[in-house]
Amino acid sequence: MRSMISWLTNIRATNEDNLRRGRTTVVVALVMICLAVLAIPLTLFNSNPIISLAIIVAGITAYLITIAITRLGYVTIGGLTLIAFITLPILTPIVIQSSPTSPLTSPFYLILSILVAGLTLRPVFIWLVLIANVVGLFIAWSVANTPIFTDPLETPLTLAALFLQVGTAWFTFIGGQITDNALKEARRSSNEARQTAARLAELNTTLELQVEQRTKALQTALHDLEQRTAEQARLLAENEQQRQVIRELSVPVLPVHDTTLVMPLIGALDTARLVDMQQQALNQIEHTNARKLLIDVTGVPVIDTQVAKGLLQLVEAARLMGTQVILVGIRPEVAQTLVTLGIDLHHIRTYSTLQAALARR
C-alpha cells in the first residue's frame with residue numbers, strides 16, 4: 001500500500017512548489033475516489049440506482065484521469081481538472097432540477113472547490129475558480145429557469161452563499177500567498193544552506209588536501225633532517241676519531257729501548273694537550289713496563305707555570321708506577337723563565353739534548 005501511494009505521488013516536476021501541489025492534487029483525488037467508492041452502496045436506495053452508479057463510475061474515472069495528468073507533470077492542468085470534476089457534480093442538480101433545494105444549497109457546496117483550489121493551485125487561480133463558480137451558477141440557474149433574487153426568503157441565502165464564496169476566496173488567497181512566501185523563504189534558506197554546505201565541503205576538501213600535502217612535506221623534511229642528523233653524527237664520530245688520532249700524534253710516545261720511552265713535545269702546550277700527554281705517557285708506561293721516560297721539550301716554545309705543573313704531575317704519577325722521568329731539551333730562555341717563576345725542578349733529572357740523555361742511560 002505504501003509503495004502504491006509512493007508511486008502515485010511520484011510527480012514529474014523539478015520545481016518543489018509544483019511537486020507539492022501535484023502531490024496534494026493526487027491525494028485529494030484519491031480521497032474523492034474513496035468517497036465515491038463508499039457512496040456506491042447508497043445508490044441502492046436511490047430511485048435511479050443505475051444512473052447514480054454511472055455518475056459515480058464517471059467520477060472515479062475522472063479522478064483517475066486527474067491523477068494521470070498530474071503525475072505527468074501537468075500540475076496546474078491536473079488541479080483545474082480536479083476542481084472541474086468537483087464543481088460539475090455540484091452544479092448538475094441545479095440543471096436537472098433533481099432537488100428543489102439544489103439552487104439554495106449548491107452555492108454553499110461550491111466553497112469546496114475554492115478550498116481545493118487553495119491547496120492545489122497557485123493563489124492567483126483562486127480568483128479564476130471563484131469567477132468560474134459564479135458564472136457556472138448563473139448559467140445553471142438560467143438553464144433551469146430558476147428565478148433568483150425574487151423570493152424574499154431565498155435571496156438572502158443566495159447572497160450569503162455568494163459573499164461566503166468571495167470571503168472564502170479572499171482568505172484562501174491570503175493563506176496561499178503567505179504559504180507561498182514562507183515556502184519561497186524556506187527554499188531560499190535551504191538553497192543557501194546547501195550552497196554553504198557545498199562551499200564548506202569544498203573548503204574542507206581543499207584543507208584536507210593542503211594538510212595532506214603539508215604532512216607529506218613535513219615527513220619529507222623530517223626524513224631529510226634525520227638523514228642529515230645521522231650524517232652529522234657520523235661526521236662528528238669521524239671527526240672525534242681524527243681528533244683522537246691527532247691528539248695521539250701530537251704527543252707521541254716512542255719506545256727506543258725495552259725499558260726506555262721518548263716523548264717529543266712540539267708546539268704550545270695547553271690544558272687539553274697536557275691531559276693527553278699525561279694519559280698517553282701513563283698508558284705506554286703501563287703497556288711497556290718502561291723504567292725511563294724521556295720528555296723532550298725542545299719544540300715547546302714556552303713553559304709557564306701551568307705547563308710546569310702538568311709536567312710535575314706526570315713525573316709524580318710515573319714515579320708511582322716505578323718509572324723515572326727525565327726532562328731533556330731545556331733551552332736557555334726556558335731555563336731562565338723557570339727560574340724566574342720559581343719552579344723547582346731539582347728532583348728531576350735534566351739533559352740539554354736527547355742524545356746526551358740516551359748516552360747516559
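How do the residues lining the second largest pocket divide into nonpolar, polar and charged? In this predicted model, the lining has eight nonpolar and two polar residues, and no charged ones. The residues concerned are L80, I83, A84, T87, L88, L91, L128, V129, A132 and N133. Two elements, α4 (75-96) and α7, each give two or more residues to this lining. The largest share comes from α4, which supplies six residues. The space in the second largest pocket amounts to about 150 Å³.

**Helix packing**

Two packed helices are described by the angle between their axes and by the distance between those axes.

| Helix pair | Angle between axes | Axis distance |
|---|---|---|
| α2 (residues 16-39) and α3 (residues 49-71) | about 165 degrees | 9 Å |
| α2 (residues 16-39) and α6 (residues 111-120) | about 140 degrees | 8 Å |
| α6 (residues 111-120) and α7 (residues 123-143) | roughly 160 degrees | within 9 Å |

**α6 and α7**

The crossing of α6 and α7 is right-handed. On the α6 side the contact is made by S113, I114, A117 and G118, and on the α7 side by I126, V129, L130 and N133. Five residues of this contact are nonpolar and three are polar, while none is charged. V129 and N133 of α7, which take part in this contact, are also among the residues lining the second largest pocket.

**α2 and α6**

Helix α6 also packs with α2, at an angle of about 140 degrees. Here R21, T24, T25 and V28 of α2 meet V116, G118, L119 and T120 of α6. By class, the contact of α2 with α6 comprises three nonpolar, four polar and one charged residues. G118 of α6 takes part here and also in the contact with α7.

**α2 and α3**

How are α2 and α3 oriented relative to each other, and why? Their packing angle is about 165 degrees, and the two helices are therefore roughly antiparallel. The crossing of α2 and α3 is left-handed. From α2, the contact is made by G22, T25, V26, A29, L30, M32, I33, A36, V37 and A39. From α3, the contributors are I56, I60, Y63, L64, T66, I67 and T70. The contact of α2 with α3 has 13 nonpolar and four polar residues, with no charged residue. T25 of α2 belongs to this contact and also meets α6.

Terms used
Residues are numbered from 1 along each chain as its sequence is written. This is a predicted model: local features need pLDDT of at least 70, side-chain atom pairs count only at pLDDT 80 or more; totals for chains, interfaces and linings use all residues. Side-chain values use heavy atoms; hydrogens and water are left out. Axes are lines fitted to C-alpha atoms, for helices over the stretch in contact, and angles run from 0 to 180 degrees between N-to-C directions. Helices (H or I, at least four residues) and strands (E, at least two) are DSSP runs, numbered from the N terminus. A crossing is left-handed if the near helix is turned anticlockwise from the far one by less than a right angle, and right-handed if clockwise. Contact means heavy atoms within 4.5 Å. Ala, Val, Leu, Ile, Met, Phe, Trp, Tyr, Cys and Pro count as nonpolar, Asp, Glu, Lys and Arg as charged, and the others, Gly among them, as polar. On a 1 Å grid over the protein atoms alone, a cavity is a set of points where a 1.4 Å probe fits but cannot get out, and a pocket is an open set with protein on both sides within 12 Å along at least five of seven lines; lining residues have an atom within 4 Å of a point. Grid points are joined across faces, edges and corners, and a volume is the space filled by probe spheres set on the points. Angles under 35 degrees count as roughly parallel, over 145 as roughly antiparallel, 65 to 115 as roughly perpendicular and the rest as oblique.
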